[in-house]
Amino acid sequence: MTYTPTEQANIDAMYRFMEAEAVQDWDTVYQFIAPDCVNYSPTGVVRGHEEMHRFDAAMFAGLQSWRRTILDIVADGDTVVFRWRAEARLRPSGKQAVWEALSWVRMKDGQIVEGWQYFDSAEVRRQLRPQKEAAL
Amino acid sequence: MTYRPTERANIDAVRRMIALEGERDWEGVYDLVTEDCVTSMGELVLHGKAEMRAYDAKYFIPVFSRSARTIFDIAADGDAVVFRWRADATLAADGRAVSWEGVSWCRMEGGKFAEGRIYTDSAAIQRQMRPPKEPTP
């Protein structure tokens, strides 16, 4: 694959973003997100750093562990698209969910300016739903 | 955007497939797919053209009297072509309009679809497929 320098830089930025997220190094994570970035996902729309901080704080408060692994990535001009697998463990139940998702992001000057997250929220909910006690 | 000839051809194949889908020319669609194409959507995995045909014949074609996808955005990189889309469809059962969004990640071989992964939110589709509630008297 031959990438332009910008495409290669965008791919590298996404890997660094994911590495920082894995260790919850938010200062580094937010270096890769434009202040007025808009993120669309099945759970709603989040605009700008402040809303994103609130979203991340709420999400990570409910998680014991969180890991995302990039499965495949493509870059085309200012666009980077990557498929990823998430492994999450809920706090305090310890219940685990694994799912695949896709992020489509538009980059400018090394930062994400717009992002669309695609995953099956029904599948994630199904995995995280408390299980019924077995009937005696 | 500067594409190599293969990437340009792959983008054209996607646009052709979407146009054929809108015309409900299913045989035209299957002509663009390799015999052993693997298609996945969440836990559903279809192996080969025959399974794809059988799935469409049971769960898609009779359920929607009209269906068309609109491409919002497309990216090509080597043998991969990825596109964000919205599907607009009409339920055959009661004529209601439904729509949902998704992304298809495809790997192409010789101008045909050899692998396809669809990412969409089935919760959004299920919500719309539910019969409307009767008004309370």
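# A guided look at two chains

Arg125(A) has its place in helix 4 of chain A, which covers residues 121-128. Here, helices (H or I, at least four residues) and strands (E, at least two) are DSSP runs, numbered from the N terminus. With 11 C-beta neighbours inside 10 Å, Arg125(A) counts as exposed. The terms work like this: a residue is buried if 20 or more other C-beta atoms lie within 10 Å of its own, exposed if 12 or fewer, and partly exposed in between, with C-beta atoms placed from the backbone. Between Arg125(A) and Pro5(A) there are 120 residues in sequence and 40 Å in space, C-alpha to C-alpha.

The model is predicted, and local features need pLDDT of at least 70, side-chain atom pairs count only at pLDDT 80 or more, while totals for chains, interfaces and linings use all residues. Residues are numbered from 1 along each chain as its sequence is written, and chains are lettered from A and ligands numbered from 1 in the order in which they are written.

## The two chains

Chain A has four helices and six strands, running α-α-β-β-α-β-β-β-β-α from the N terminus on. Chain B also has four helices and six strands, and its pattern along the sequence reads α-α-β-β-α-β-β-β-β-α. The table sets out some overall values for each chain.

| Chain | Residues and buried share | C-alpha extent along the principal axes |
|---|---|---|
| Chain A | 136 residues, 22% buried | about 65 × 35 × 25 Å |
| Chain B | 137 residues, 24% buried | roughly 65 × 35 × 30 Å |

Contacts tell us about the folding of each chain along its sequence. Two residues are in contact if their C-beta atoms, placed from the backbone, lie within 7 Å. In chain A, 48% of the contacts with a separation of 6 or more are between residues 24 or more positions apart. For chain B, 45% of the contacts between residues at least 6 apart in sequence join residues at least 24 apart.

## Helix 1 of chain A

Helix 1 of chain A takes in residues 5-22, and at 1.5 Å a residue its 18 residues should span 26 Å; the end C-alpha atoms are 26 Å apart, which agrees. The expected span is 1.5 Å times one less than the number of residues. Buried in this helix are Glu7(A), Asn10(A), Ile11(A), Met14(A) and Phe17(A). Seen down the helix axis, these buried residues fall within an arc of 120°, so they line one face of helix 1. That arc is taken from the directions from the helix axis to the C-beta atoms. On the face turned away from the buried side sit the exposed residues Pro5(A), Tyr15(A) and Glu19(A). The cover over the buried residues includes helix 2 (26-31), strand 3 (63-76), strand 4 (79-90) and strand 5 (96-108) of chain A. After helix 1 comes Gln24(A), whose phi is positive, near 50°.

## The sheet of chain A

Six strands of chain A form an open sheet in the order 2-1-6-5-4-3, with mixed pairing. Strand 2 (44-47) and strand 3 of chain A stand at the edges with a single partner strand each, so one side of each is left without a neighbour in the sheet. Two strands pair if DSSP finds at least two bridges between them. Neighbouring strands of this sheet are turned by 20° against each other on average, direction ignored. Axes are lines fitted to C-alpha atoms, for helices over the stretch in contact, and angles run from 0 to 180 degrees between N-to-C directions.

Strand 5 and strand 6 (residues 111-118) of chain A pair in the antiparallel sense over seven bridges. Opposite Leu102(A) stands Tyr118(A), in strand 6 of chain A. Helix 4 of chain A packs on the sheet and touches strand 4 and strand 5 of chain A, its direction making about 145° with that of strand 5.

## Chain B and where the chains meet

Phe83(B) belongs to strand 4 of chain B. This residue is buried, with 22 other C-beta atoms within 10 Å. Leaving aside residues up to four places away in sequence, Phe83(B) touches Val14(B), Ile71(B), Asp73(B), Ile74(B), Val103(B) and Ser104(B).

Finally, 20 residues of chain B are in contact with 19 residues of chain A. On the chain B side, helix 4 of chain B gives the largest share, four residues.
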